[in-house]
Amino acid sequence: MSPLGISGLAHLFGILAFILLLVWLLHYREGIDYDSDKGFRVFNVIFYDGIPNHTKRKESQEVCSHALHLIAIVLGIVGLNAVFKFHGMENIPNVYSLHSWIGIVTFCLFGLQWLFGFVVFMLQGASVNTRAKVLPWHKVGGRALLFMAVCAAETGLMEKSCFLTNLKLLHGRESNLINFTGLAILLFGVFVNFSVGFS
């Protein structure tokens with residue numbers, strides 16, 4: 001399969017995961033509203049960035065990459081704030097699960113990765129030789145963060161599914177939708193990884 005085909009599959013599964021997640025939250029889980037007085041609507045605040053990068057010039061790619069990642073950080077802050085707000089509304093302890101630990105560590109490392117890339121590559125805060133030496137590590141770190149983000153998403157789906165099952169609020173079709181969403185997220189991560197490997 002060509003690198004373009006692999007990249008296309010990554011985008012396809014990313015979009016599919018996003019659509020399935022929206023269907024789940026809007027159809028089965030009360031919708032999405034950060035300012036709601038219903039905790040579950042606040043918890044459902046979601047975000048996603050999956051805009052393809054097909055620009056030819058390296059400088060444009062770097063600016064686009066840093067801008068998209070900065071947007072992801074801002075949206076991540078909104079998402080984390082929504083989770084803590086929901087926990088406060090429902091009197092649920094914070095950072096008690098493996099999902100939350102993986103998610104917070106991933107988000108913090110993502111922020112540090114962005115800051116490092118911005119200073120070293122965007123602002124050229126290091127010599128050309130140093131930038132060439134750290135670039136492979138920066139790429140490997142990005143791939144590791146992708147795996148961690150997929151793991152956080154998958155454990156989050158499992159945690160929510162178990163919570164709903166325990167409350168006897170999860171039924172067959174919704175359970176299947178959650179499973180297909182998890183598969184789409186996993187395949188998105190796999191094909192993004194392949195796409196990066198061929199670039």
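Which helix does His-66 lie in? A few notes on this predicted model, starting there.

1. **His-66.** His-66 sits in helix H3, which runs over residues 58–90. Is His-66 buried or exposed? Its relative accessibility comes out at 12%, and the cut-off for buried is under 20%, so His-66 counts as buried. If you look beyond the neighbours within four places in sequence, its contacts are Trp-114, Gly-117, Phe-118 and Met-122. For a sense of scale, Val-134 is 68 residues away from His-66 along the chain, and the two C-alpha atoms are separated by 17 Å.

2. **Helix H6.** H6 covers residues 172–198, which makes 27 residues. From its first C-alpha to its last it reaches 39 Å, close to the 39 Å expected at 1.5 Å a residue. Quite a list of H6 residues is buried, including Glu-174, Leu-177, Ile-178, Thr-181, Ala-184, Ile-185 and Phe-191.

3. **What H6 packs on.** Which helices do the buried residues of H6 pack against? They pack against H1 (3–28) and H5 (128–166).

4. **The H1 and H6 pair.** These two helices pack at an angle of about 155 degrees, and their axes are 7 Å apart. The cut-off for roughly antiparallel is over 145 degrees, so H1 and H6 fall into that class. H1 passes H6 in a left-handed crossing. As for what makes up this contact, its residues divide into 23 nonpolar, four polar and two charged.

5. **Gln-124.** Here is a backbone detail to check by eye. Phi of Gln-124 is near 50 degrees, a positive value in a residue other than glycine. Where does Gln-124 lie? You'll find Gln-124 in the loop between H4 (98–122) and H5. Gln-124 is exposed, with a relative accessible area of 53%.

6. **Lys-168.** Lys-168 also has a positive phi without being a glycine, with a value near 55 degrees. Look for Lys-168 in the loop between H5 and H6. The relative accessible area of Lys-168 is 69%, and exposed means over 50%, so Lys-168 counts as exposed.

Terms used: Residues numbered from 1 in each chain as written. Predicted model: local features only at pLDDT ≥ 70, side-chain atom pairs only at ≥ 80, totals over all residues. Heavy atoms only, no water. Helix = DSSP H or I, 4+ residues; strand = E, 2+ residues; numbered from the N terminus. Expected span 1.5 Å × (residues − 1). Buried < 20%, exposed > 50% of the residue type's maximum accessible area, 1.4 Å probe, protein only. Contact = heavy atoms within 4.5 Å. Axes fitted to C-alpha atoms, helices over the stretch in contact; angles between N-to-C directions. Parallel < 35°, antiparallel > 145°, perpendicular 65-115°, else oblique. Left-handed = near helix turned anticlockwise from the far one by under 90°. Nonpolar A, V, L, I, M, F, W, Y, C, P; charged D, E, K, R; others polar.
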